[in-house]
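Today I'm looking up strands and pockets.

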Amino acid sequence: MFSEEDHTHMAHAVQLARRGWYTAHPNPRVGCVIVNAGEIVGEGFHAVAGEGHAEVMALETAGERARGATVFVTLEPCCHHGRTPPCADALVRAGVARVVAGMVDPNPRVAGQGLERLRAEGLQVEEGLLGFAARELNLGFIQRMTEGRPRVRVKLAASLDGRTAMASGESKWITGEAARADVQRLRAESSAIVTGIGTVLADDPALNARMPGVTRQPERVVLDPELAMPPTAKMLLQPGVTRIFTASHDATRCAALESAGAIVERVADDGAGGLLLEAVLARLGELAHNDVLVEAGARLAGQFLDRGLAEELIVYQAPVLLGGNAKPLVDLPGLEHLADRIEFRLRDARAVGDDLRLTLTRK
């Protein structure tokens with residue numbers, strides 16, 4: 001169905017899409033290549049929400065050479081008016097002859113209608129080329145569109161014996177400089193970073209992405225059932241949004257935090273002193289967050305894992321031993337038998353400096 005040349009051009013479109021890896025949020029990452037008579041005449045990628053989509057950028061480069069050309073695009077062209085006009089209409093007006101899409105857009109406002117619009121205008125339309133690579137570009141966007149909540153990744157740092165801090169709470173630094181720099185990359189590619197009030201009170205983290213070239217800071221989200229967040233917290237001094245979810249109705253504390261720049265929202269509690277995580281994730285989905293990174297202590301990290309709310313677990317393992325009295329990786333009090341264990345598949349393992357980064361998905 002697809003030629004070797006087709007594969008080459010779609011692979012190029014995938015690489016173009018990755019150029020919007022840190023900036024396209026909340027839109028999907030999309031790349032586009034226009035080929036006429038075997039020559040690339042236009043290419044583009046979606047860089048920032050509200051600006052031109054990949055197809056439009058590529059058409060601008062191609063100009064009249066787009067007429068009769070083949071368009072390779074990683075995601076189905078949109079067919080609805082949003083912040084920008086429909087890309088399907090732009091392709092029709094440009095007179096392209098063939099459109100090859102990596103995958104159908106999971107957005108219910110598109111969901112195959114863009115491809116049908118092109119077919120109705122007489123274009124040759126094909127879908128599914130390098131579909132796996134196309135999906136990998138936008139796992140969070142796909143999940144938000146299909147399930148109404150963002151994709152969740154839990155990040156942890158541990159010793160060889162699975163410990164995250166000494167009994168005193170001392171934890172800086174278990175992992176090395178290279179691993180800590182890698183975490184900044186994870187933060188930068190996330191829509192939001194979630195932590196618990198225990199981490200805030202213990203470490204007062206800035207929870208920002210400290211990486212060269214970062215132009216958008218992920219939203220900082222604190223789960224704070226009793227509204228214990230101090231208005232002087234370091235993260236409230238950082239650029240971007242800090243959002244606090246709470247079950248408290250303390251108007252005085254709420255006003256103090258809002259005066260310090262925080263957004264405070266109430267969600268249901270879980271009946272055990274915490275917040276209903278499903279409600280938190282549903283709200284983050286409403287706020288158009290695609291990828292959420294959880295950086296929290298053993299208890300909150302364990303809750304995400306125990307409730308099946310984390311799609312990915314990332315563990316940075318340092319070549320050190322901290323001993324039996326040190327704090328555990330996660331707190332999972334409900335597991336009493338081997339049959340209750342939570343199983344993962346190893347997706348990737350690689351050295352990051354002197355540490356090992358394990359990326360795992362739930363079985």
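First, a term I need: two strands pair if DSSP finds at least two bridges between them. Helices (H or I, at least four residues) and strands (E, at least two) are DSSP runs, numbered from the N terminus. I'm working with a predicted model, where local features need pLDDT of at least 70, side-chain atom pairs count only at pLDDT 80 or more, and totals for chains, interfaces and linings use all residues. Residues are numbered from 1 along each chain as its sequence is written, and side-chain values use heavy atoms, with hydrogens and water left out.

Entry 1, strand β6. I looked up its partners. β6 runs parallel to β13 (residues 312-317), with six bridges joining them, and L156 has V315 of β13 as its bridge partner. With β12 (residues 291-294), β6 also pairs in the parallel sense, over four bridges; there V152 stands opposite V292.

Buried means under 20% relative accessible area, exposed over 50%, partly exposed in between (1.4 Å probe, protein chains only).

I found R119 in α4 (residues 113-120). R119 is partly exposed, at a relative accessible area of 35%. Its C-alpha atom is 9.5 Å from that of R98, 21 residues apart along the chain.

I checked which helix gives the most to the lining of the largest pocket: α8, with five residues.
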